[in-house]
Amino acid sequence: MNWVKLDAERFSDWKEQNINGVVVEVAASPYDIPEAVGGGCVETTPSLFMVEFFYPTQEQTRKVQAAPHIEVLVGLNSHRIYSIQTDLKALGAFSGAKPKPGTRFRVEKEIIQAIDGVSVAQNDRYADRYKLAKLIIASNRDRLFENIPEKVHGGASFSI
Amino acid sequence: MMSIRDKFRRVHFALTLLQGFLVFVSAAISAVAKLDSATMTSPLWKQLTIYLQNTAWWTPPLCILLVPIVQYSKNYFGQPKLWDCIHFMLNDFRGEAFSEEQASQAFHRVTLFQHKTCCFSIQAWRLYKTGPLAGWLVPVERSGHLTRKCKTRFPATDAGKTAGVAGQTWLKNLCIYMENLPELTASSPDTLVEEYAQKTWSDPTWLKKELAKNGKVLPRSYCGIPIEIKGKPWGVLLFDSAGPCMLGKNRITKGVYGKRAILAKVLEKV
């Protein structure tokens with residue numbers, strides 16, 4: 001798993017908002033911003049690729065099946081996304097033992113769609129938190145999806 | 001709550017000694033109950049032994065029963081060392097948020113509000129027309145050593161009824177910052193007081209009462225930060241300043257972001 005330590009201030013922009021007729025500046029709760037984000041294949045099952053968020057406080061989570069091949073862990077209390085697990089084999093990301101071209105992009109797209117699905121399922125009540133999760137993934141995609149080879153170089157094969 | 005807890009600390013040690021004494025007395029009486037008073041030569045010890053043996057059926061159980069009651073009263077206000085730690089952290093946040101020029105502790109403060117189900121303030125019930133068990137934000141700790149006799153309570157009900165900057169921070173679960181609020185004095189016109197009340201989601205009647213207090217200065221800028229434990233909202237950290245604007249709201253968030261995990265961990269134990 002490749003872990004990236006996050007600078008909380010980078011994701012805590014102040015913006016204006018009207019609250020009951022009063023214009024104030026608001027920013028995300030410090031507990032909504034993860035301390036780190038990690039991406040990589042699960043050690044015991046390399047065909048499973050996971051993106052994980054490490055928050056300042058931990059809580060119990062519940063599994064949400066966002067798609068047949070994607071499982072999302074969501075906080076019971078905060079409804080934050082703790083991890084997104086993708087089955088690369090079920091996704092059809094490989095042609096035999098070799099990854100298909102554009103696998104990284106496809107996995108990332110599936111993960112973003114899974115997050116959108118979770119958000120819609122909750123009537124967008126926590127839309128800001130899920131938007132932040134997508135932003136964090138997009139900002140660190142190179143590092144997170146590093147372990148998924150984009151293309152296979154001559155003669156090499158990726159074994160699962 | 002803060003001033004009561006401050007006074008309670010003085011008896012906390014005495015209560016610990018009382019617990020130990022109760023356990024000792026219970027064990028001693030249980031041991032005396034097994035003695036044979038007929039073999040004693042000293043009349044004083046014989047009489048004392050007989051007396052203790054006659055009361056041995058209720059005194060040890062009573063002592064044992066009192067031990068958890070004393071422990072509960074010790075725990076009600078939380079461990080003093082934990083609150084010392086929280087107070088230290090609030091002082092640290094204050095030091096990071098406010099510059100050296102703004103040194104007065106009474107005018108630049110950090111207050112920790114905890115969300116509690118019940119509130120024992122008739123004044124607050126009447127002011128906000130909210131029941132005692134509806135949900136309230138109660139100040140439980142503050143930076144510095146001044147303005148600790150704080151009686152402010154804000155409603156924070158399940159239905160979304162709130163008041164004040166702390167209340168809105170709780171409701172929205174977002175950091176909220178506002179500045180350049182009107183400077184109020186006891187002789188300020190009603191229109192200015194109402195403007196302040198509208199901008200801070202407060203009650204103008206309550207503001208006038210506060211201003212009437214000798215030497216009371218109302219803050220002109222606020223920054224509220226939601227605090228949570230294990231994914232659940234716990235309370236609000238409120239920065240307030242008599243200055244028209246806090247020199248760096250980013251300094252506030254930077255300071256809090258760096259210690260948010262530690263703060264949550266300590267508050268878990270309270």
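Colleague: How many bridges join strand β4 (residues 175–178) of chain B to strand β5 (residues 221–229) of chain B?

Modeller: This is a predicted model in which local features need pLDDT of at least 70, side-chain atom pairs count only at pLDDT 80 or more, and totals for chains, interfaces and linings use all residues, while side-chain values use heavy atoms, without hydrogens and water. Residues are numbered from 1 along each chain as its sequence is written, and chains are lettered from A and ligands numbered from 1 in the order in which they are written. Strands (E, at least two residues) and helices (H or I, at least four) are DSSP runs numbered from the N terminus, and two strands pair if DSSP finds at least two bridges between them. Strands β4(B) and β5(B) run antiparallel, and the number of bridges joining them is three.

Colleague: Which strands stand at the edges of the open sheet formed by eight strands?

Modeller: The order is β2(A)-β3(A)-β4(B)-β5(B)-β6(B)-β1(B)-β2(B)-β3(B), with antiparallel pairing. Each edge strand has a single partner, so one side of each is left without a neighbour in the sheet; the two are β2 (15–19) of chain A and β3 (154–155) of chain B.

Colleague: At about what angle does α9(B) run to β5(B)?

Modeller: Helix α9(B) lies across β3 (22–27) of chain A together with β1, β4, β5 and β6 of chain B. Angles run from 0 to 180 degrees between N-to-C directions, and axes are lines fitted to C-alpha atoms, for helices over the stretch in contact. On that scale, α9(B) runs to β5(B) at about 30 degrees.

Colleague: How do the residues of the contact of α4(B) with α9(B) divide into nonpolar, polar and charged?

Modeller: Helix α4 (residues 80–97) and helix α9 (residues 249–269) of chain B pack with axes 10 Å apart at an angle of about 175 degrees, which makes them roughly antiparallel (over 145 degrees; under 35 is roughly parallel, 65 to 115 roughly perpendicular and the rest oblique). The contact (heavy atoms within 4.5 Å) brings residues including B:Leu82, B:Ile86 and B:Phe93 of α4(B) to residues including B:Ile252, B:Lys259 and B:Leu263 of α9(B). With Ala, Val, Leu, Ile, Met, Phe, Trp, Tyr, Cys and Pro counted as nonpolar, Asp, Glu, Lys and Arg as charged, and the others, Gly among them, as polar, the division is twelve nonpolar, one polar and five charged.

Colleague: What is the average twist from one strand to the next in the open sheet of six strands in chain A?

Modeller: That sheet has the order β1-β4-β5-β8-β7-β6 with antiparallel pairing. Because β1 (2–5) and β6 (61–67) each have a single partner strand, they stand at its edges. The twist averages 15 degrees.
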